[in-house]
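I opened a new notebook page for this one. My plan is to look up a few places and jot down what turns up.

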Amino acid sequence: MDEKQAAQANAASGAVRPFSESTPPIENTADLKVHNVEVEKAGTETEVEEEEDLYRPLAMDPAIPYEENPLTIRAVVVGCVLGSLVCASNLYLGLKTGFTFSANMFGAIFGYGILKLLEKSGGKLPIIGGLFGPQENSIVQAAATGAGGTAGIFVAGIPAMYQLGVMGDRSPKEDIGLIFTITLVTSFIGLFYVTPLRRFFIIQVARELRLMFPTPTAVALTIRAMHAGAAGSVEAVKKLKCLGICFIGALCHRVASYYAVGILYDWHVFTWIHIWSGYTSWAMNIESWGWYFEWTPAFIGSGILIGLNPAISMFVGSLTAWAIIGPALVHYGECIGIQASDDPKWNGYYSFVSLADLGKRTPSPRYWLLWPGVMVMVCSSMAELFVQYKVIWAAFKSVWNQSCAGINNILTARGKSSAFFAKHGAPVEKDETIVEDPFPPEQQVKHWMWILGLLVAVVIGMLIFHFQWEMHPGLTILAIVLAFLFSFLAIQIGAVTDNTPLTAASKASQLVFGGATSHSGYTIQHAQKINLVAGSLASGGADMATSLVSDFRTGFLIHTPPIKQWIAQSIGAFVSVWLGPGLFVLFTSAYPCIYNPLTDAQVEAGEKCAFLVPSVSAWAAVAQAVTDPNVSIPLKSGIFAIVMGVVSIIQVVIRHFYLVGEREKWRKWLPNWGAIALSWVIPAPVFANAALLGAIVAAIWRKWNMRTWDIYGYAVAAGFIAGEGLGGVVGAILTLAGVDGATKGTNIACPADSC
């Protein structure tokens with residue numbers, strides 16, 4: 001099955017791709033491919049769909065009226081509102097689990113419902129009424145993607161700076177100005193420098209390198225299907241209703257669960273056994289390692305998205321980490337735990353996830369396992385990049401050719417000539433498979449727009465990072481260069497695998513800056529601040545760049561002019577620059593433990609933080625390891641990390657070069673090392689448990705009734721994810737108002753009377 005069929009199958013189901021600092025890896029749609037083959041054999045798929053070339057703009061319904069200007073005020077406003085909901089959801093989910101999700105499908109489906117309603121009710125009213133078509137639908141999702149895309153830095157690098165104390169005794173609320181400026185630079189640097197790469201990734205090398213962009217392609221095909229006459233409209237309404245019901249249901253469930261966490265949300269089965277046995281049971285030992293079930297709609301929805309292979313891999317990773325390796329490390333004295341309650345009846349209840357006092361005492365299992373997790377993420381992502389070596393070579397050739405052509409044009413305009421630049425800047429010979437850019441120059445992003453924007457962003461960034469963050473301008477330039485390189489990596493791997501390796505990119509940037517600041521006279525705290533600021537710039541820029549190219553892919557297929565999508569996402573990004581910091585201050589004001597972690601004494605007194613902040617802790621630990629000589633990687637952890645990194649690289653090579661042709665069918669049986677590595681970094685198996693449940697439900701559903709799965713499956717997942725995320729925002733507001741579950745609810749059925 002080729003990429004065309006895979007994307008068609010994805011589109012039929014409305015696939016949504018999780019997108020994040022630590023992104024849950026999407027399954028390679030093997031099950032959907034099989035289904036698509038069966039449909040084709042049954043003769044129920046149209047001839048047009050079977051022959052359609054997804055490396056060219058889609059054939060649209062000829063009955064759709066021409067859209068003179070799809071970039072409307074209503075589309076941008078609706079997109080920004082929907083993106084804001086996703087931004088709020090992502091901040092909650094990211095702080096809780098390290099995962100964030102893209103707003104593209106959520107914006108496309110909900111945007112369809114809202115603007116269809118306005119189209120019918122608005123009549124000929126300016127701004128509100130008027131024709132609503134697929135191109136305007138793509139503008140909605142572009143604005144939503146931009147508005148929902150800044151949460152990454154707020155669930156990783158920025159709170160890590162506070163946890164390490166490099167910001168002094170100030171709170172995020174006091175530093176709101178600093179946070180605004182770093183968000184502004186991080187967002188627009190990536191937006192500007194990736195703009196000229198649209199033609200390269202979407203048109204020039206897409207076919208040769210099989211850059212299918214699965215989720216953006218699925219979004220485009222879903223938009224086309226929703227606008228395809230009466231039948232498309234009926235299915236679109238079904239998707240919309242399903243998404244809305246699941247969104248509201250998950251929101252209500254999350255808010256209600258704050259007042260009875262141990263009943264409605266967390267099921268601590270081993271705590272129940274401990275209580276029923278008269279507080280003398282062995283069960284607290286299992287409870288201490290995080291083995292309970294959480295009814296989290298977001299992660300059940302995530303399991304629906306990622307499929308069985310990654311979900312099983314995550315669960316196996318959790319099993320090895322928190323049921324085998326972790327207990328063994330504690331048993332043999334390599335790691336220690338902290339008593340989690342001083343109440344005698346909860347004797348045996350420990351915490352094994354502390355990252356406090358690194359370098360001053362025996363580490364926790366969480367710190368020991370962090371390094372194998374990071375190593376596997378980096379190694380597997382880098383291996384995926386290098387096995388796709390053609391894209392690197394093609395990129396260098398394209399950049400060289402365009403540079404020579406530009407220099408030759410300048411010389412020719414001045415009446416001069418150069419045989420060398422004329423030769424190397426000559427147009428590359430094309431064949432009939434090459435796709436010409438369907439958009440004329442007036443519909444493209446003007447060169448002066450992105451060049452001027454990039455220059456201004458770079459200059460402002462150098463000034464901001466120098467005066468506000470005490471970072472040398474040369475290091476700022478290095479961070480921007482790394483952001484560009486990591487964007488190239490992230491876009492290419494994401495276009496092929498639908499799994500964007502931003503975690504690997506951020507950790508690699510931290511390692512680079514650890515070397516750049518060593519022996520340079522910086523204090524430890526100053527070096528840590530630079531490490532985290534530069535890492536945030538590199539990963540945040542790569543995140544925004546990847547989102548824009550994905551939007552360009554959707555617009556290319558739907559015939560939306562690039563300049564329109566670029567403006568829509570720019571407006572959305574500007575909205576998120578103000579929204580993201582505000583939401584971050586809201587959460588940190590309600591839950592100070594996000595930036596000021598609990599001490600061992602607080603843990604022993606039974607206090608708990610509502611957020612595990614796994615990405616924050618990982619960023620902080622890496623920054624300490626590369627800047628503080630007193631903090632080191634445990635020797636055995638380092639050896640294990642190297643071995644596992646090599647194993648993950650070998651599997652990538654085998655998968656790419658050996659499991660091809662007739663042997664390609666065996667790929668689905670390979671473990672997903674990215675998912676395993678995530679389980680080693682997340683300090684509890686609870687999310688893997690929920691994701692596995694979602695994946696099993698999805699697999700049974702597809703087997704039982706593929707037709708209903710195609711309509712409702714991914715709408716359920718998107719609604720669950722966004723609904724619980726917004727419920728987290730409501731929870732933060734309730735906490736600030738003093739009427740949250742901690743004051744008005746019950747902790748019945750929770751270990752040590754605290755969930």
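**Entry: a helix pair.** I started with how α24 and α25 cross, and the crossing is right-handed. Keep in mind that I am working on a predicted model. Helix α24 covers residues 524-558 and helix α25 covers residues 562-590; I noted an angle of about 145° between them and 10 Å between their axes. I then listed who makes the contact. From α24 come Met-544, Ser-547, Leu-548, Asp-551, Phe-552, Thr-554, Gly-555 and Phe-556, and from α25 come Pro-562, Gln-565, Trp-566, Gln-569 and Ala-573.

**Entry: stepping back.** How many helices and strands does the protein chain have? I find 32 helices and four strands. The chain has 755 residues, and 59% of them are buried. Taking contacts with a separation of 6 or more, I see that 83% of them link residues 24 or more positions apart. The exposed surface comes to about 29,800 Å², with 66% of it supplied by carbon and sulfur atoms.

**Entry: helix α17.** I looked up α17 next, residues 308-331. Its 24 residues reach 33 Å from first C-alpha to last, close to the expected 34 Å. Where does α17 kink? I found a kink of about 30° at Ile-325, shortly before the proline Pro-327. Ile-325 is also one of the buried residues of this helix, and so are, among others, Asn-309, Met-314, Trp-322 and Leu-329. Those buried residues pack against five helices that I had to look up one by one: α16 (297-306), α18 (365-387), α28 (635-658), α29 (673-681) and α30 (686-704). After α17 comes Gly-333, with a positive phi near 80°.

**Entry: helix α31.** This helix runs over residues 706-736, which is 31 residues. From its first C-alpha to its last I get 45 Å, close to the expected 45 Å. There is still a bend to note, of about 40° at Tyr-712. Is α31 mostly covered or mostly open? Mostly covered, I wrote, with 24 of its 31 residues buried.

Entry: I went looking for residues other than glycine with a positive phi, and Glu-470 is one of them, with phi near 55°. I located Glu-470 in the loop between α21 (447-467) and α22 (473-497). Glu-470 has a relative accessible area of 44%, so I put it down as partly exposed. Ala-749 is another such residue, with phi near 70°. Ala-749 sits in the segment after α32 (741-744).

Entry: I picked Ser-84, which belongs to helix α4 (residues 73-97). Which residues does Ser-84 touch, neighbours within four places aside? I found Ala-147, Val-575 and Leu-579.

Ala-256 belongs to helix α12 (residues 229-257).

Key
Residues are numbered from 1 along each chain as its sequence is written. This is a predicted model: local features need pLDDT of at least 70, side-chain atom pairs count only at pLDDT 80 or more; totals for chains, interfaces and linings use all residues. Side-chain values use heavy atoms; hydrogens and water are left out. Helices (H or I, at least four residues) and strands (E, at least two) are DSSP runs, numbered from the N terminus. Buried means under 20% relative accessible area, exposed over 50%, partly exposed in between (1.4 Å probe, protein chains only). Contact means heavy atoms within 4.5 Å. Accessible areas come from the Shrake-Rupley method with a 1.4 Å probe; for residues, only the protein chains shown count as cover. The expected span of a helix is 1.5 Å times one less than its number of residues. The bend at a residue is the angle between axes fitted to the seven residues ending there and the seven starting there. Axes are lines fitted to C-alpha atoms, for helices over the stretch in contact, and angles run from 0 to 180 degrees between N-to-C directions. A crossing is left-handed if the near helix is turned anticlockwise from the far one by less than a right angle, and right-handed if clockwise.
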